[in-house]
Structures are given as structure tokens and as C-alpha cells.
Amino acid sequence: MTAPSELDDSFHVFDTTLRDGAQREGINLTVADKLAIARHLDDFGVGFIEGGWPGANPRDTEFFARAAKELDLRNAALVAFGATRRAGAKAADDPQVRALLASGAPVITLVAKAHDRHVELALRTTLDENLEMVRDTVAHLRAEGRRVFVDCEHFFDGYRANPEYAKAVVRTAAEAGADVVILCDTNGGMLPAQIGAVVSTVLADTGARLGIHAQDDTGCAVANTLAAVDAGATHVQCTANGYGERVGNANLFPVVAALELKYGKKVLPDGALRETTRISHAIAEVVNLTPSTHQPYVGVSAFAHKAGLHASAIKVDPDLYQHIDPERVGNTMRMLVSDMAGRASIELKGRELGVDLGGDRELVGRVVERVKERELRGYTYEAADASFELLLRAEIQGAPPQYFDVESWRAIVEDRPDGTHANEATVKLWAKGERIVATAEGNGPVNALDRALRVALEKIYPQLAKLELVDYKVRILEGKHGTSSTTRVLISTGDGAGEWSTVGVAENVIAASWQALEDAYTYGLLRAGVEPAE
């Protein structure tokens, strides 16, 4: 574990994903997970990575021990988190303070009580003793050669209740040697104007260097963080993708993007901002949470355009409906095809998919009408780019790419006396002049059909061996005649190098699934560069 040799200290980006972010419901990080996330954060270029609370639990203690041997940080300094010493003791004798030193981390964040009621009710000590706990612990750690940050817990609530005492905690920490004193909106109840006013006043009254730690309970954590920066804070604490307890923390990625792109602050190494989307998604994979599609800057929908009016303007100049060039944060513009689509949407979407429509107004008009007609029947192409590309090619070439011709298919579900079920499917088709009949069993009728189709085609098209069904979604659409209904199926398929989605619509889930499967296999062969059958 090494700290960066050169670090611009004028503004801090401090990440607490490994500690505060790990408190999110549904996240349970192993030591290996924490090491992997730390490497991603260092690649992104944050200045500080808070690794956890050594001594408080075995996992965090092990993390720091392994980090010393396994992490080679190029941009970030590793931070250990802990509390001020116990009331009535000395910092040098406090076991958890010794554990902070034993972690080997060059920087230590101490959490200190800044709300008078918390001091008296939670710590069960006096206000003066709490100040002495802050002073003694900071001074001791500084004497041991560690850089110290102090998190003033419940600061804003404490400031409202007793502003002079809250400011006294800040002064005490700064005078004892804390480099930065962080004002924490621990309950997440503040709003941007309130944050700005308090930070400005505390800065003027104490002269301390201030940071901000915002929770997102009002949905304002990012805005509150930026309001604090406007008021003079030079240290921001965030988590990747906004992970954290309850509804989460200030999201690292929109905060950093705003600082770089809106404020003009240089807070990341050269070229790192273009890695924003990749790093966000990589960390989501490690914590095993699906990336939010609508997350600012990095979501797949962040630069997606659906309305025909938007598409017409974007065709002239993308900046007319985008606040930044998505490539600056490693994202891409996407055109969504729906019944709202106009000519511009179709042309731009074709360009995005690499299908040249050649400015053919008649062709584009046919595609627009085809899309609107099919959307009326229940199809959706917003999340089914592969099916849309096949539709485009069918209109251009007069027929879709044809790799096989299905004669018939059937799926059978056998209900057995012992309560179990057997699922079997048979597919009859023609491929390259050969008639093939294939039967397969599966853990459901759709899985059986998928296997039967694969068995039928793999000998002729070995490229299909790489295909894997990644996701399967079913939606029952509103019926139009009495109790009848329409089923829409979306299937995501991958080949190890990428994924694509296809759609099927029918009166029952099996038929809809078959349509989506046919498109998935056809697109997979097209993607693999296989020439359609004659």
C-alpha cells in the first residue's frame, strides 16, 4: 500500500464507499470486494479512500492488513475511520485509537459528537469532556505522524439546537491539529440554502478548513454538497453511485462531474473523467447491484432521447437537448425508438446501429409507420435494439436476414401425479437446405424451446455455442376484448463480448418468447458476421 507522491491538497474528493456506502441494505462486501473497489476508485483518481473501521470488526482489520501488502495506490491515500477516545480515558491508552494507528493508514478520520444532546444522551458525558476527547485524540494521532480529519456527526442538527457548542467542536478539532473538519448532515434532512448559510457562517466564525458529508434523505445530497462548496467547503465526502445507509449518500459521480464540468475545478487526473461511466458500472458489478439506468451522467438513459421533437433538434446539433457531450463522462447518446418517433429519430437510431438509411425519405417513412403500427400492438423497441435493427434491415432489403426457416415448434408441459412437471419442446426447421428436427427438455417451456432451437442450429452454426440467455422479462399488457390480454417478452442475450435485446409479442407467453428467441439467434449470427443462407 503506497500513498501518492504528489497530491493537490487545495480540494479533496474523499470517497467513503467502503465504509459508509457499505451500510446500504443489500450490500455485504468481502475483503476481496473492498480491495477491488479500492482499485477502481484509485483508477478514477479520488484523493482519499476510507477503508473502514479497523478494530471495530475483523473484516475491516483484515482489509487494512491486506491493503498494506496488496494495494499499490497511485492517486489516493487510504483512510482509517474511528471514534474519539472514551470519556475519562487517555487517547494513548484507548484500544480503538491504538487499532487506528496499527492499521498503518496514513490518514485517520475521527467521528466526533457535535450535537449537545448526543453528547449527553449517547456518550453520557459532559460537553466539556467531549471537547477534551476531541482535543486529546486529534493531538495524539498528530503526534504519531498521522494526518487527521474530523467528522462532526449530526453537525447541522446540533447547530440548530446549540450553534455555539457546535462551533466549539469545530474550533477544538482545528486547534488540535485536524487538517479538515467535516460538517455532517447525518440525518439527511437539510436543504441546499440551509447548508450554504451554515457553512458560510461556521467558516467565518471558526476559520477552520471545512468539508461536507451529506446524506440523501431529502433527495438533496448532491445539491447540498455543491451548496457547501459554493459556501467555501474544500473537502467533499461521497460514495460511488450514492450507496449508503437508508436512501444513501451524496453520489460521487455527479458531484465530481459537476465540479469538473460545471465549476471548472480540476479534481481528477487527466483523462479520468472519461472513465466515470465505466467505473460506476464496474463498482455496481462488484457490489452485485444493477446499475441505475436513470443515474445522472452515467446511466444508460442519461443521454437517451425518445421524443421526435428532440430527435429533430439533435440531428441539427446534439447540444440542443444535452447539457454536456456524453463522451466527456464515458457515456453515449442513445436514440429510443417508439410510437413517439419521427423521421429524425429513425435516421439517428439507424446511424447509431451502423445501418445506413441513405437519406431515403420513403424508406424512413415506412419504418416510422411500421414502428408505430407495431407499438400499437404491444411491441417496444426502446429496450430491444436488436429487434429494431432486424426491422430496419428487413425494410431496406425487403426481408429480414434469413439463417433458418421454421416449419413448426411446440412446447409440452407434463403435470405428473407427484406434483412435479416435465417440460419438453420440439422444433422443426430448415437451415442451409437441411431439414432438422430437434427435441430438448428444460426447466420450463421457454427454456426447453431455447435448448431445442440451439440443438437444431449449433451443428450448422457453431457460432451459436457462445450465446447465453442473460435476462428474461415478461409483461402482461392490458386486454382489449373482455378478459383477453397481450403478452410482451424481452430477452437479453450475450456472446461474451456484448449483449443485445429482442422483443416478442403474442397472446400467450410461449409464442411471444419464441419470437424474441428467433430474433435473438438471428441477430447473434448477424453479429458474428455469418452470411445469411441463400
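**Strand 5 and its surroundings**

Guide: Let's take strand 5, which is joined to strand 6 (residues 180–185) by four bridges, the two running parallel. Bear in mind that this is a predicted model. On the strand 6 side, Cys 152 has Leu 183 as its bridge partner. There is also strand 4 (residues 107–113), which runs parallel to strand 5 and is tied to it by seven bridges. Here Cys 152 turns up again, standing opposite Ala 112 of strand 4. So much for the pairing; now for the cover. Six of the seven residues in strand 5 are buried, so the strand is mostly covered, taking buried as under 20% relative accessible area.

Now zoom in on Val 150. If you skip its neighbours within four places in sequence, Val 150 is in contact with Leu 110, Ala 112, Val 138, Ala 173, Ala 178, Val 180, Val 181 and Ile 182. Val 150 also belongs to the largest nonpolar core, a set of 92 residues, and is among the members that touch the most others, along with Phe 63, Phe 155, Phe 156, Val 170, Val 236 and Leu 252. The element that gives the most to this core is helix 10 (residues 252–262), with eight residues. Another core lies apart from this one, with 37 residues, including Ala 431, Ala 448, Tyr 461 and Ala 511.

Most residues other than glycine have a negative phi. His 154 is buried too, with a relative accessible area of 8%.

Asn 288 sits in the loop between helix 11 (276–287) and strand 9 (304–305). Unlike a buried residue, which has under 20%, Asn 288 is exposed, with a relative accessible area of 67%.

Helix 11 itself brings us back to helix 10: the buried residues of helix 11 pack against helix 10 and helix 1 (31–44). Among those buried residues are Ile 279, Ala 282, Ile 283 and Val 287. The length of helix 11 checks out as well: its twelve residues should span 16 Å at 1.5 Å a residue, and the end C-alpha atoms are 17 Å apart, which agrees.

Conventions: Residues numbered from 1 in each chain as written. Predicted model: local features only at pLDDT ≥ 70, side-chain atom pairs only at ≥ 80, totals over all residues. Heavy atoms only, no water. Core = buried A, V, L, I, M, F, W, Y, C linked by side-chain atoms within 4.5 Å. Buried < 20%, exposed > 50% of the residue type's maximum accessible area, 1.4 Å probe, protein only. Contact = heavy atoms within 4.5 Å. Expected span 1.5 Å × (residues − 1). Pairing = 2+ DSSP bridges.
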